[in-house]
Amino acid sequence: MIYSKQSSRSPEEVGKRLEEAAARHKFGVLHILDLKKTLESKGIQLGSECLVYDVCNPEAATRALHTDMRVSTVLPCRISIFNKDGGCLISTVKPTSLFAATGLKGSEALAAEVERKVLAIIDESA
């Protein structure tokens with residue numbers, strides 16, 4: 001259900017590589033959530049970096065949404081980068097698992113196609 005890849009690089013370096021890989025696969029980065037900064041602004045210390053990237057392929061998203069608007073509950077794809085073992089871990093919930101959890105029918109092949117690209121983005125980012 002969760003796909004992860006270890007990297008010896010810093011979260012910031014992996015994030016830059018992720019943005020480049022996403023563009024190569026025709027995905028855009030919609031938002032970057034810095035959980036450490038967000039929690040610190042609330043007076044909570046997380047202690048390690050944790051960046052969450054919302055990524056989306058507009059063509060795939062449009063095709064999925066035209067099948068059933070409830071697919072919007074699992075969009076966009078999220079990729080998390082956080083400190084681990086002297087480097088960082090890059091993780092995502094597999095799009096096929098997210099889609100299967102909805103119980104919706106009709107976009108399984110599209111979810112598999114998106115998953116291949118998201119995992120490639122992660123692999124290239126590491």
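**Exercise 1. Which residues of helix 5 are buried?**

Solution. Note first that the model is predicted.

Step 1. Apply the cut-off: buried means under 20% relative accessible area.

Step 2. Read along the helix. The buried residues of helix 5 are Leu110, Ala111, Val114, Glu115, Val118, Leu119, Ala120, Ile121, Ile122 and Ser125.

Step 3. Find what lies over them. The cover includes strand 1, helix 1 (11–24) and helix 3. Strand 4 (77–84), strand 5 (87–93) and helix 4 (95–102) also take part in covering these buried residues.

Step 4. Helix 5 has 18 residues, and at 1.5 Å a residue it should span 26 Å. Its end C-alpha atoms are 26 Å apart, which agrees.

**Exercise 2. Find the salt bridge of Lys5, and say which parts of the chain it ties together.**

Solution. 

Step 1. Look for the partner. Lys5 pairs with Asp123, and their closest N and O atoms are 3.8 Å apart.

Step 2. Test the distance. A salt bridge needs the nitrogen within 4 Å of the carboxyl oxygen, and the pair is 3.8 Å apart.

Step 3. Lys5 lies in strand 1 (residues 2–7) and Asp123 in helix 5 (residues 108–125), so the bridge ties together parts 118 residues apart in sequence.

Step 4. Lys5 is partly exposed, at 32% relative accessible area. Asp123 is partly exposed too, at 35%.

Step 5. The structure holds nine salt bridges. Another of them joins Glu13 and Arg9, with closest N and O atoms 3.3 Å apart. Glu13 is partly exposed at 39% relative accessibility, and Arg9 is partly exposed at 26%.

**Exercise 3. Trace the salt-bridge network that includes Arg63.**

Solution. 

Step 1. Start at Arg63. Its side chain meets that of Glu113 in a salt bridge of 3.6 Å, N to O.

Step 2. Arg63 is in helix 3 (residues 58–67) and Glu113 is in helix 5, so the bridge links parts 50 residues apart in sequence.

Step 3. Arg63 is partly exposed, with a relative accessible area of 44%. Glu113 is partly exposed at 26%.

**Exercise 4. Describe the surroundings of Ser107.**

Solution. 

Step 1. Locate Ser107. It sits in the loop between helix 4 and helix 5.

Step 2. Classify it. Ser107 is buried, at 5% relative accessible area.

Step 3. List its contacts. Leaving aside residues up to four places away in sequence, Ser107 touches Ala64, Thr67 and Phe99.

Step 4. Compare sequence with space. Ser107 and Arg63 are 44 residues apart in sequence, and their C-alpha atoms are 8.5 Å apart.

**Exercise 5. Characterise the largest cavity and the largest pocket.**

Solution. 

Step 1. Count the cavities. The whole structure has one cavity of 30 Å³ or more. The volume of the largest cavity is about 230 Å³.

Step 2. Look at its centre. It has 19 lining residues, and those closest to the centre are Leu75, Cys77, Pro95, Ala111 and Val114.

Step 3. Name the contributors. Strand 3 (50–56), helix 3, helix 4 and helix 5 each supply at least two lining residues.

Step 4. Sort the cavity lining. It holds 17 nonpolar residues, two polar and no charged.

Step 5. Turn to the largest pocket. Its volume is about 170 Å³. Among its lining residues are Ile2, Val52, Arg78 and Leu98. Strand 4 gives the most to this lining, with four residues.

Step 6. Sort the pocket lining. It has eight nonpolar residues, three polar and one charged.

**Exercise 6. Where does the backbone have a cis peptide bond, and which residues have a positive phi?**

Solution. 

Step 1. Most residues other than glycine have a negative phi, and most peptide bonds are trans.

Step 2. Find the cis bond. It joins Leu75 and Pro76, with omega about -10°. Pro76 lies in the loop between helix 3 and strand 4.

Step 3. Find the positive phi values. Lys26 has a phi of about 65°. Asp85 has a phi near 55°.

Step 4. Lys26 is in the loop between helix 1 and strand 2 (28–34). Asp85 is in the loop between strand 4 and strand 5.

Step 5. Lys26 is exposed at 64% relative accessible area, and Asp85 is exposed at 67%.

Conventions:
Residues are numbered from 1 along each chain as its sequence is written. This is a predicted model: local features need pLDDT of at least 70, side-chain atom pairs count only at pLDDT 80 or more; totals for chains, interfaces and linings use all residues. Side-chain values use heavy atoms; hydrogens and water are left out. Buried means under 20% relative accessible area, exposed over 50%, partly exposed in between (1.4 Å probe, protein chains only). The expected span of a helix is 1.5 Å times one less than its number of residues. Contact means heavy atoms within 4.5 Å. On a 1 Å grid over the protein atoms alone, a cavity is a set of points where a 1.4 Å probe fits but cannot get out, and a pocket is an open set with protein on both sides within 12 Å along at least five of seven lines; lining residues have an atom within 4 Å of a point. Grid points are joined across faces, edges and corners, and a volume is the space filled by probe spheres set on the points. Ala, Val, Leu, Ile, Met, Phe, Trp, Tyr, Cys and Pro count as nonpolar, Asp, Glu, Lys and Arg as charged, and the others, Gly among them, as polar.
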